[in-house]
Amino acid sequence: MAAVFLVTLFEYSPLFYISVVSLCFLVTAAMVLGWFGVDVPVILRSSDESESVLPTPEKHMVQVTNPFGLEVGHGPASVSGGVYLRPCCLEPCVLTCFWGCEIRALQGVLHAHQHSKRISTPQHIQEALQLRYLHCESFTISCEEGEELHTQIPADRGVIDLGPMPRECYPLVAVLTLTEQDARETHNIVVSVSVLHVPDDRYSLSARVLFQYLLTSQGNMYELKPLFMSADSGGASSISEQSSTQSEPREASRPEQSPVLEEEQEQQLEDELWSVGGGRDCVVCQNAAVNRVLLPCRHACVCDGCVSRFQHCPICRAFILESFSLCQQGAL
């Protein structure tokens, strides 16, 4: 009876014939593309098809030493009351805080370092910014760790917020530079630029580091990016991948796209996705230690034996383009 119904429907409905042929073509094309390693929806793949056909490319890294470190302190933070910063440096350095620094001015500094004038001292930064900030404050930092420094805009300036959104300036830009000339000749990285959000009366998002850039003595710029790891990894979540950017700074610094809000949403999404992690063990085999970082999502969740079995990250399902060894901490 069913066969007779289908035959009758076929005879009187050309659209049915066209639909069946189109569906068969799409399924066949998806299977062929999936066989050659092209990313296709999982529902269109063959059930016995292995997820990975080609091995994940290895990203070659170079070991370097970053003499700078900067974190937001535990005290209260606001534009009117200031913020606590905790620098951690391998060499004596100078911390220069630029409040209300214009976004275009900072982009100009980073661009100038890569193409014309090398930036290596606080004086170079101030000259390149051309006074396009509200307030500047400097601190001398020793090699000792743990000391928190408080910086703020003077109360007599009467600044309680940085204006309505979108804004044309960052709340705070913290720049770390090496004090001694010998240290600048020893280390390849000579300047650290950190862009921080500080809450005010108009935008109450908690204080945090938005972007971090490292400038080298050769005129290169590297952007620090966090690796997403389990909270049980014994502090390993603070490791950062330093991805080379020889061109302009990424466009996330444009004010019209509210980078602070985007950072908050992305961080919440990453926390939710990575909450299923299980600690130091590989999330696939649950046996070997985690020692591979997947790119571009930067999830450190698999071991050497399992990384070649996937085209998609086991945590966020992002397509894997490259991977590198986690043992090369601080590599470029």
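## Ground rules

Since the model is predicted, local features need pLDDT of at least 70 and side-chain atom pairs count only at pLDDT 80 or more, while totals for chains, interfaces and linings use all residues. Residues are numbered from 1 along each chain as its sequence is written, and side-chain values use heavy atoms, with hydrogens and water left out.

## The three-stranded sheet

Let's start with an open sheet of three strands, in the order β1-β2-β5, with antiparallel pairing. Strands here are DSSP runs of E, at least two residues long, and helices are runs of H or I, at least four long, numbered from the N terminus. Two strands count as paired if DSSP finds at least two bridges between them. β1 (70-72) and β5 (149-151) sit at the edges with a single partner strand each, so one side of each has no neighbour in the sheet. On average, neighbouring strands are turned by 35 degrees against each other, direction ignored (axes are lines fitted to C-alpha atoms, for helices over the stretch in contact, and angles run from 0 to 180 degrees between N-to-C directions).

Now for the pairings themselves. β1 and β2 (residues 83-87) are joined by three bridges in the antiparallel sense: Val72 has Leu85 as its bridge partner, and Glu71 has Arg86. On to β5: three bridges join this strand to β2, again antiparallel, and Tyr84 stands opposite His150 there. β2 is mostly covered, with four of its five residues buried, where buried means under 20% relative accessible area, exposed over 50%, and partly exposed in between (1.4 Å probe, protein chains only).

## Helix α3

α3 covers residues 103-115, and its 13 residues should span 18 Å at 1.5 Å a residue; the end C-alpha atoms are 18 Å apart, which agrees. That expected span is 1.5 Å times one less than the number of residues.

The buried residues of α3 are Ile103, Ala105, Leu106, Val109, Leu110, Ala112, His113 and Gln114. They pack against β3 (93-102), α4 (122-129), β6 (169-178), β7, β8 (208-216) and β9 (221-226), with contact meaning heavy atoms within 4.5 Å.

## Ser192

Ser192 lies in β7 (residues 189-197). At 4% relative accessibility, Ser192 counts as buried. Leaving aside residues up to four places away in sequence, Ser192 touches Phe68, Ala174, Val175, Leu176, Tyr213 and Leu214.
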